[in-house]
Amino acid sequence: MSPPPPSDGTGGTDGTEPQARSFGDLLDDCVHCGFCLPSCPTYVLWGEEMDSPRGRIHLMAQAHEDVLTDSAVQHFDQCLGCLACVSACPSGVRYDSLIETTRAKVEREHERGVGERLLRAAVFALFPHRGRLELLRGPLRAYQASGASALVRRSGVLDRLSPTLATMERVAPPIRRTPALPELVPAVGRRRAVVGMLTGCVQGAFFPHVNTATARVLASEGADVVVPPSQGCCGALSAHSGRAEEAARFARATIEAFERAGVEAIVVNSAGCGSTMKHYGQVLAEVSAGREWERRAEALGAKVVDLTEFLTELGPVAERRPLPLRAAYHDACHLSHGQGVTRQPRELLRDIPGLEVADLPNADICCGSAGVYNLFQPEAARELGERKSADVRSTDAELLVAGNPGCSLQIASAMERGGRTIAVAHTAQVLDASIRGLPPSALLGG
């Protein structure tokens, strides 16, 4: 089977435009019409012009011609990079390209304070490295089993000590024992496709059960699933934070790993990773990697598909068994705005007998997770999480489903602070439970 074409998700432009046009030309596309304002989370929060996409574009133009000011950097840092403005813009402004290029300039030219430099160094020394993250699994599991988490949260000591540490503690996922995936998960029945699967850094270390469910679903639908053992971080966290050279290193390694795998498509189950990998050509163009690397990046990006895109195009063969549940579906920003994937997950979920799927109000507004945004901007992230948790509560759902585990944990944490808990699951886990005939309690934790 040929892989389905990746959704562009770039406001109607093709994936080569950012390399072909200058930064100044991209800035000039914005006519400052204001259609982006209602879609921008930080503008919705604060109503400040310079915390809107068009306001930040104005600051980008100033920074392009002059030095970066502390005030401008603050407004750039406060952007979630959710890309809702890209979807909303009638002029096709490539805000995604503009903000990543601007953040790379910030990282090259702006001197941050000591505390901020230390925090960012610690985050990027840890989160893109799966091996380092896996070292935390044992201590985190022991901490969760001890019951200390509830005491720490009630005391509020971490909130007073460090909002960043408090956020990390609240959104830490439950650590489960999950067997490692083999290098090949063979198709069940007739083979219909051969795909590679990204396991990721944070996803692989803290959400291996999501990867296992993804591989089982793909195999159940007739796909041989190749899991390259040499893969690591895809570079998404670094690219979104302006760490261009670091992102390019991760991208090159990922490209080489999947080129060796020789697969028809590369299936990704994490929204931010998929969005970045589809635009690897831009990631490598940012560091002037050379045309040969950019060609390889574009070729690999053309093979990248979100899990739900791939399954919808492939078509179902595995029987779906009933799951009598009411679920709320949350659109992860880098899936809906970054990749244009909104229809496919809903179709897959609504094809499950007995599963009632509710859409959230204000679906286009980010939940505040945004990669590592909730670590660098914890107060804004917390307020956005609380708004999103209110939207979830309005659906009376038992289960929250999303295509990005970080979103689910961000929202669930906000709901817990508001006095209500909700079970969370990745779309792959819901499909897996239905195909395997598991009871609703398998998803609800009962």
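The model is predicted, so local features need pLDDT of at least 70 and side-chain atom pairs count only at pLDDT 80 or more, while totals for chains, interfaces and linings use all residues. Residues are numbered from 1 along each chain as its sequence is written, and side-chain values use heavy atoms, with hydrogens and water left out.

Let's start with α8, which covers residues 114-126. Helices here are DSSP runs of H or I with at least four residues, numbered from the N terminus. From first C-alpha to last, the 13 residues of α8 reach 18 Å, close to the 18 Å expected at 1.5 Å a residue. That expected span is 1.5 Å times one less than the number of residues.

Which residues of α8 are buried? They are Arg120, Val123, Phe124 and Leu126. These four cover an arc of only 165 degrees around the axis, so they sit on the same side of α8. The arc is taken from the directions that run from the helix axis to the C-beta atoms. Val114, Gly115 and Leu118, on the other side of α8, are exposed. For these labels, buried means under 20% relative accessible area, exposed means over 50%, and partly exposed is in between (1.4 Å probe, protein chains only).

What do the buried residues of α8 pack against? Their partners are α5, α7 (95-109), α9 (130-134), α16 (236-240), α17 (244-261) and α24 (373-376). Contact here means heavy atoms within 4.5 Å.

**Salt bridges**

Side chains of opposite charge can pair when their charged atoms come close. A salt bridge is counted when a side-chain nitrogen of Lys or Arg is within 4 Å of a carboxyl oxygen of Asp or Glu. The whole structure has 29 salt bridges, and here are three of them:

| Pair | N to O distance |
|---|---|
| Arg120 and Asp77 | 3.8 Å |
| Glu111 and Arg117 | 3.0 Å |
| Glu116 and Arg112 | 2.6 Å |

Take Arg120 and Asp77, whose side chains meet in a salt bridge. Arg120 lies in α8 and Asp77 in α5 (residues 70-77), so this pair ties together parts that are 43 residues apart in sequence. Arg120 is buried at 10% relative accessible area, and Asp77 is buried too, at 12%.

Now for Glu111 and Arg117: Glu111 is exposed at 61%, whereas Arg117 is partly exposed at 37%.

Terms used: Helices (H or I, at least four residues) and strands (E, at least two) are DSSP runs, numbered from the N terminus.
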